[in-house]
Amino acid sequence: MSFQGDVAGLGLGELLQGLARGGREGSLTLNGGGRCATIGIAGGQIHLLPEPDEDPDIWRRRSERAWIKDPNHRIDALRMQEIAYAVRLETLFCLLDCSGVHFRFEQGPLPKAEAPTQSSTVPDPNEALRDNARKKLEVLTPVHCPGLSVEFVLLE
């Protein structure tokens, strides 16, 4: 089941609360004020999901610029997640303040985040090749953010 409309009379905060409290699970697409966001709703929490056309390499480049003197690639995924979370949350805050927001809710399961790959503890001559392949895979994997409560977003 899906439904759509404008949040002019209802308010985006009330829509988010109603969907989260109603036990619904699905994706909510928001458009307004030149911004768009995809919000997953599951288990009474909201999840800041990647946009369908989002390039995950954006977050890697921003992470590299933010931590330019620390080339520790083992924590790149965490850094990318922090930056994506901050940008997506800011977009949601802008949409909460925006008038004329259009929404579309699609009921169904949320996309699952890829599990991080584990590195081998045994030295291997092919480790460098695997490490390069792992980095390329991470670039192609969308960045998912942890869930948060609707009340946290609205009180913030």
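Which residues is Ser27 in contact with, leaving aside its neighbours within four places in sequence? They are Ile39, Gly40, Leu49, Arg104, Phe105, Glu106 and Leu110, where contact means heavy atoms within 4.5 Å. Ser27 sits in strand S2. Ser27 is buried, at a relative accessible area of 18%. Here buried means under 20% relative accessible area, exposed over 50%, and partly exposed in between (1.4 Å probe, protein chains only).

The model is predicted: local features need pLDDT of at least 70, side-chain atom pairs count only at pLDDT 80 or more, and totals for chains, interfaces and linings use all residues. Residues are numbered from 1 along each chain as its sequence is written, and side-chain values use heavy atoms, with hydrogens and water left out.

The chain holds 5 helices and 6 strands. Helices (H or I, at least four residues) and strands (E, at least two) are DSSP runs, numbered from the N terminus. From that terminus on, the elements run β-α-β-β-β-α-α-β-α-β-α. The chain has 156 residues, of which 33% count as buried. Among contacts with a separation of 6 or more, 70% are between residues 24 or more positions apart.

The sheet comes next. It is open and is formed by 6 strands in the order S1-S5-S2-S3-S4-S6, with antiparallel pairing. Two strands pair if DSSP finds at least two bridges between them. S1 and strand S6 (148-149) stand at the edges, each with a single partner strand, so one side of each has no neighbour in the sheet. Strand S4 (residues 45-49) and S6 run antiparallel and are joined by 2 bridges. Gln45 has Ser149 in S6 as its bridge partner.

Two helices pack on these strands. H1 touches S1, strand S2 (26-32), strand S3 (35-42) and S5. The direction of H1 makes about 175 degrees with that of S2. H3 lies across S2, S3, S4 and S6, and runs at about 105 degrees to S3. Axes are lines fitted to C-alpha atoms, for helices over the stretch in contact, and angles run from 0 to 180 degrees between N-to-C directions.

The helices also meet each other. Two packed helices are described by the angle between their axes and the distance between the axes. Helix H1 (residues 12-21) and helix H3 (residues 76-97) pack at about 120 degrees, with axes 8 Å apart. H1 and H3 are therefore oblique to each other. Angles under 35 degrees count as roughly parallel, over 145 as roughly antiparallel, 65 to 115 as roughly perpendicular and the rest as oblique. Leu12, Gly13 and Leu16 in H1 meet Leu92, Leu95 and Leu96 in H3.

The whole structure contains 2 aromatic pairs. Rings of Phe, Tyr and Trp (its six-membered ring) pair if their centres lie within 6.5 Å; planes under 30 degrees apart count as stacked, over 60 as edge-to-face and the rest as tilted. Phe3 and Phe103 have ring centres 6.0 Å apart and planes at 80 degrees, so this pair is edge-to-face. Phe3 lies in strand S1 (residues 2-6) and Phe103 in strand S5 (residues 102-107), so the pair ties together parts 100 residues apart in sequence. Phe3 is partly exposed, at 27% relative accessible area, whereas Phe103 is buried at 6%. Phe3 and Phe105 form a tilted pair, 5.4 Å centre to centre with 40 degrees between the planes. Phe105, in strand S5, is 102 residues from Phe3. Phe105 is buried, with 0% relative accessibility. Phe3, Phe103 and Phe105 make up one aromatic cluster.
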